[in-house]
Amino acid sequence: MQSYTIELLAKIREKAPLIHNITNFVVMNSSANILLATGASPVMAHCLAEMEEMTSLADALVLNVGTLQEDWLESMICAAKTANSRGIPVILDPVGAGATTFRTEAIQKILQHCSVSVLRGNCSEVFSIGSSAIKTKGVDSSLSFSDQMVATAKAMALEKKCILAISGEEDCITDGAKTYRVRNGQPIMTKVTGIGCGLSAVTAAFCAVAEGKLVEATAAAFGFYGLCGDLAVKVSDKPGSFQVAFIDALYSTGAEDIMRSLKVTEV
Amino acid sequence: MQSYTIELLAKIREKAPLIHNITNFVVMNSSANILLATGASPVMAHCLAEMEEMTSLADALVLNVGTLQEDWLESMICAAKTANSRGIPVILDPVGAGATTFRTEAIQKILQHCSVSVLRGNCSEVFSIGSSAIKTKGVDSSLSFSDQMVATAKAMALEKKCILAISGEEDCITDGAKTYRVRNGQPIMTKVTGIGCGLSAVTAAFCAVAEGKLVEATAAAFGFYGLCGDLAVKVSDKPGSFQVAFIDALYSTGAEDIMRSLKVTEV
Amino acid sequence: MQSYTIELLAKIREKAPLIHNITNFVVMNSSANILLATGASPVMAHCLAEMEEMTSLADALVLNVGTLQEDWLESMICAAKTANSRGIPVILDPVGAGATTFRTEAIQKILQHCSVSVLRGNCSEVFSIGSSAIKTKGVDSSLSFSDQMVATAKAMALEKKCILAISGEEDCITDGAKTYRVRNGQPIMTKVTGIGCGLSAVTAAFCAVAEGKLVEATAAAFGFYGLCGDLAVKVSDKPGSFQVAFIDALYSTGAEDIMRSLKVTEV
């Protein structure tokens, strides 16, 4: 996985894929900076009047339902249909799924009307989509990596026909056939807003240059992102200066770091 | 006040109260990071379709009228009514009150239809609500701590049946009966956008764990917040690096710092 | 140009001109911090119900069409008309012009209905307004400083009756009669979101105190801003810590730095 991660990262930095984000107000700025530091080109746009044209310029699409409102949902579905017709990856971040009926139904609607490549969230968010049994409180995660979790994720990935990419203390990425476990990443990453949402954006950047090998690209994105957290926490373990160091790490982490410290394994 | 501040801060860090923010676009990211660094859990949501459910999950509510638009006002009132019916604290930040008729009337409407626990702003914003005589120019403060100011604030707190929490070179917190003066805080804090709005959010976090002792909790929040500014300015007195140091300080300031340097007195 | 830049910067820091921004969601926070660090007072507001009153308080107006939606366009035109009637400068940042029909037409509509003082963007954005031949891909620049570029810019400035301020590796500012070339600035500035939009805001601050000498003030703003980038890159050449150092530089750069290192020449 090291070599493949290095290859994809090099492609991002060379080609600067354009990532169209329809994302929440809280993280628009941080997601843009995270994409720029990684090497991709971000564009944030949500107005229905320009959706088709904007998504037509993009190499991947990110849909993020934080701070959602009704008219944005319509734009998301329009953009996703355009992405589907062009065959570019669609990453859906179900922020706060399960917290309110409006969010849960919005996500269901997107999944019904469009083909989503990767569903990226924490465990409770992702599972609340498949099972109404799990109610999330806000956007915090509450479940951890285990055999049972992997089994549930694989079943749900096959049912939903998309990759599940579940963030947690250890991450789980699966399309039902192949499954990866990622042990990079740091707890302090949950103390900075937008770090999770930024991972959805970086996953889009990796998928944009992956030529269809999306489950591998998603695992590579998670490994790279967590590794940047591992490197940044050595600079600072406090959230303000950690965030700065994390952006720096996304920009400067290279082949050597990845060869030495990437912790992504197929399970 | 030192011991009580330490007690409330410990409760925030232990319980991570969920703070529902309906706040302006400029500060959504910074308020979320400020709450996370302090130890609380932020959620930003404004869509009427999910207001009742979202506020029902929360431990406190923040309403902030910066970058206000009409449909958000409706959501604010719905959220505040839900908060009132559940008995959780409501903090209102009247950004730019007095600057335009639209803002002033929006604030009046909130105060008419809902019970606000704490009104947190600078002197000109807060007083422009009670008296049309004071016109603010944008969002800057123009009045300072004095006997006359305290007297006006006490009268207005009794009239409005809420705590007034007035930020300035020295802060004044009063419910009409008890009044606190806070001498922590630094001028550089006015050179970083969202620091004032962040204080409204941190006030909500302190009130969320205060079991009804809201005037004391508000004074504690102001003291803690200003103290973090005092500590951060020792790291840097320039606004970019000050902001980073301030977030770090919110995360790491503890009992010892509070015992040594909190400057909150009842007057 | 050094002395004039120093003079305008001193006026900004003394008078703190109020800059009314109707700008995109991505950069609201960073533009506010950039203005505060420079010495100006930012206000972000977009609701039609308060436009006339808000612009009436301001010393300059910034219109930025990133993340545009239809109702905001109406507010922009209302604010610009108010600014025109009061004779305060209007800076238009045509983010993503040429990328979608919606953006291009929105910009045309603003230019038709209002008088714009300064059009500030990268080369492809600015030229896409005058010529449909140049299609931008997202918001990246693709053209560089040359005799041909200057000639095109001068012709377009005369035609549009406004100052063109074109950001690039070297910047070009012209009203058709006077033309300035700015060689301050660093490539890393394109790796932080909102740095370009922030320049539009700082241009507004310089124009606000320029008493009508807008082409000189715009050149001074560009020189000062690029110089702050030159100073910040000495602190860090990675985007996270560069951004922090850049804000610090906007706050602390003074007469000596400007005398020594400003690279603005009339061509």
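These legends describe close-up views of a predicted model. Residues are numbered from 1 along each chain as its sequence is written, and chains are lettered from A in the order in which they are written. Local features need pLDDT of at least 70 and side-chain atom pairs pLDDT 80 or more, while totals for chains, interfaces and linings use all residues.

**View 1. Chains A and B are related by a rotation of 120°.** The shift along the axis is 0.0 Å, and chain A superposes on chain B with an RMSD of 0.0 Å. Superposition is by least squares on the C-alpha atoms of residues with pLDDT of at least 70 in both copies. The relation is that of a three-fold axis. In chain A, A:F25 has the C-alpha nearest the axis, at 3.8 Å.

**View 2. Chain C meets chain A.** The contact involves 27 residues of chain C and 27 residues of chain A. Two residues are in contact if their C-beta atoms, placed from the backbone, lie within 7 Å. On the chain C side, α2 (28-38), α5 (101-113) and α10 (239-252) each give two or more residues. The largest share, four residues, comes from α10(C). Helices here are DSSP runs of H or I with at least four residues, strands are runs of E with at least two, and both are numbered from the N terminus. Only 11% of the interface residues of chain A are also interface residues in chain B, so the copies meet through different surfaces.

**View 3. Nine strands of chain A build an open, mixed sheet.** The order is β2-β1-β3-β4-β5-β6-β7-β8-β9. Two strands pair if DSSP finds at least two bridges between them. At the edges stand β2 (41-44) and β9 (264-266) of chain A, each with a single partner strand, so one side of each has no neighbour in the sheet. Within the sheet, β7 (171-174) and β8 (179-182) of chain A pair in the antiparallel sense over four bridges. A:D171 has A:V182 in β8(A) as its bridge partner.

**View 4. Helix α9 of chain C is mostly covered.** Of its 22 residues, 18 are buried. A residue is buried if 20 or more other C-beta atoms lie within 10 Å of its own, exposed if 12 or fewer, and partly exposed in between, with C-beta atoms placed from the backbone.

**View 5. C:E256 lies in helix α11 (255-261) of chain C.** C:E256 is exposed, with 9 other C-beta atoms within 10 Å. Its C-alpha atom is separated by 40 Å from that of C:I110, 146 residues apart along the chain.
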